[in-house]
Amino acid sequence: MNRLTLLTTKECHLCVAAREALDLVAARTGEEWTEVDVADDAAFARDYGDRLPVLLLDGREHGYWDVDVPRLLKDLAAPRA
């Protein structure tokens, strides 16, 4: 399972920028990421649908609407709890 999950939906202009940011992070760190369309998951749609895109790190919300690359790089480098 990848540490990074991007919750998105169709026709989301902010999701395009979030994908680009995660591609940059993946290139720097080697961390892979997955994308989940909330239209395919009722629980995600209910919990996150009004704040997309949402980035999950290790299953927990790391941020929404944009990817804070410096913060994400720092958090990925930190030892896991």
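Predicted model: local features only at pLDDT ≥ 70, side-chain atom pairs only at ≥ 80, totals over all residues.
## A walk across the sheet

Start by selecting β3 and β4: these two strands run antiparallel and are joined by 4 bridges.

Next, colour β1 (4-8) by residue. How many of its residues are buried? The count is 5 of 5, so with buried meaning under 20% relative accessible area, the strand is mostly covered. Look along the strand and you will find Leu4, Leu6 and Thr8 pointing one way, while Thr5 and Leu7 point the other way.

Move on to β2 (residues 33-37), which runs parallel to β1 and is joined to it by 5 bridges. Select Leu4 together with Trp33 in β2: they stand opposite each other. Tracing the chain from β1 through α1 to β2 takes you along a right-handed β-α-β crossover.

Zoom out to take in the whole sheet. It is open, with 4 strands in the order β2-β1-β3-β4 and mixed pairing. β2 and β4 are the edge strands, each pairing on one side only. From one strand to the next, the twist averages 25°.

Helix α3 (residues 69-77) lies across β1, β3 and β4, running at about 15° to β3.

Most residues other than glycine have a negative phi, and most peptide bonds are trans.

- **Glu11:** find it in the loop between β1 and α1 (13-29). Its phi is positive, near 55°. Is Glu11 buried or exposed? At 84% relative accessibility, it counts as exposed.
- **Asp58:** look in the loop between β3 and β4 (60-64). Asp58 is not a glycine, yet it has a positive phi of about 55°. Its relative accessibility is 34%, so it counts as partly exposed.
- **Pro53:** this residue lies in the loop between α2 (42-48) and β3 (54-57). Show the backbone from Leu52 to Pro53 and you will see a cis peptide bond, with omega near 0°.

Definitions and conventions. Residues numbered from 1 in each chain as written. Heavy atoms only, no water. Buried < 20%, exposed > 50% of the residue type's maximum accessible area, 1.4 Å probe, protein only. Pairing = 2+ DSSP bridges. Right-handed = clockwise from strand over helix to strand, strands pointing away. Axes fitted to C-alpha atoms, helices over the stretch in contact; angles between N-to-C directions. Contact = heavy atoms within 4.5 Å.
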